[in-house]
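Please look over the model below with its charged side chains in mind. The numbered notes that follow take the salt bridges in turn.

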Amino acid sequence: MSLKVQPHSEEAEKALLGSVLKGGIETFEKCKHWIRQSDAFYSTDNKKIWIAMHRLYRDRDGIDIITVIDKFKRLNPDYEDNKGISYYISGLPDESPSPALVDKYSKIIWEKYLRRAVSKSANNLYSTVLQDDHQSMEEILGEHIRLLEEIKNIRPTRLNDLEDIVEETRELVNTGDNIIKFGIPALDIPAGGMTRKEITVLGGRPGHGKTTLVVNIVRSLIELGNKVIIFNREMSNPEMIRKLVVMEGKNLSYSKIRKGDLNGSTDEFNKSIDKIKDKYKNNLLMFDDVKTLDEAMLEISRHKPDVIIDDYIQLISCPDTLERRFQIEKIVQDYKWICKKENCSALLVSQLNRDIEKRYEPRPRLSDYSESGVIEQTAESALFVWYGYVFNDEEYSPYQSEIISAKTRYGKVTSEVVGFNGDRCRFYTTKEEALKDTPKQ
């Protein structure tokens, strides 16, 4: 096979460097919005010249022929042809026919670089497919899709014009479209709901009803017209449907449904199943076989939901090369960025440390989150569900729970006592409502 030269433009690279030598720092600033890394230059010499310019810019030194030659020599003391490179750099301004077109030169260089990156990524993807390495394939595929998307929407930077930002803010204030209400009073009281492009974390110890609360949230979000995607990592999709069936039914018992006991409830069960098919079919997407974070990101980009729910993040499979705290940090931060990219909100369910059960006061606090530091810093809101009956069945009612807002960036810290009925898989405004909704035997 004949060898093909990778995409590049020697002329554009020389024209850009020559334009910077003519225009100095102001021209360099125009270019750096396009050229985000030195590998964009195909020529090794041109790459080293750009690095020398970047170092001068960083140090706030002037950029011209003399300073660039001097910096180049300092950065590359072992370069074999220093005299030749001096002549080369001195001649670059002559290679720039129109410095005013430096944006055009920059775009050509960056597009050629992206094409080289896509070629390399495609080759890696091909090799990984042949090796049948599923986890590596998902990671490479995610990067490949990102590169393709950038080529399709090639632009110098994501810097937005201030006037556009102001008008977007005006529209959001007028429409309220940046707030997604939970539709559950105890959750909406702190800040009115979730904010688009932000994440909320929900924590709770096993047996406190956090997954049941998640199902209640899903139901409410769907009723408010939102598109929801949920990654069921702890329970299976059928188990979640079972909980929804009980919630939507008028007199169904979760304990009986789990046992397959429909004695006297068959009609109600079938009505509830039919209701779920109609009510959730268009706006609820469930996955219980998405193992890695990259797989989750692909599904989110594909389906573009209003709300993402991940139950729960400690079960996400991550590369073993990372310590657990760095794994959690990557998970939370990647969710933060996908929310910004897709203009949605995420609810991340998190496990709590076991130390909470050793304390005299067992109510959860921020430090109880597993790897709490990154969660505290990144999350817009940090919530807990706490079921006191687990700790003291004499002091607390089995029909009472508590939703704690320990951090709310745009609202207030609160603690709301709510009704809870585990056999009905439901949360209520008061414990009296929960007691009244007990299934009839």
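1. Buried means under 20% relative accessible area and exposed means over 50%, with partly exposed in between (1.4 Å probe, protein chains only). By that scale Arg-258 is partly exposed, at 47% relative accessibility, whereas Glu-239 is buried, at 9%.

2. This is a predicted model, in which local features need pLDDT of at least 70, side-chain atom pairs count only at pLDDT 80 or more, and totals for chains, interfaces and linings use all residues. Residues are numbered from 1 along each chain as its sequence is written, and side-chain values use heavy atoms, with hydrogens and water left out.

3. The whole structure holds 21 salt bridges, each a side-chain nitrogen of Lys or Arg within 4 Å of a carboxyl oxygen of Asp or Glu.

4. Glu-239 and Arg-258 form one of them, with 2.8 Å between the closest N and O atoms. Because Glu-239 lies in helix α11 (residues 237–248) and Arg-258 in helix α12 (residues 254–259), the pair ties together parts 19 residues apart in sequence. Helices are DSSP runs (H or I, at least four residues), numbered from the N terminus.

5. Glu-223 and Lys-279 also meet in a salt bridge, at 2.5 Å from N to O. Glu-223 belongs to helix α10 (residues 210–223) and Lys-279 to helix α13 (residues 266–280), so this pair ties together parts 56 residues apart in sequence. Both residues belong to a network of salt bridges that also links Arg-219, Glu-248 and Lys-275.

6. Lys-330 and Asp-334 form a salt bridge at 2.9 Å, N to O. They are four residues apart in helix α15 (residues 324–342), so about one helical turn separates them.

Terms used. Helices (H or I, at least four residues) and strands (E, at least two) are DSSP runs, numbered from the N terminus.
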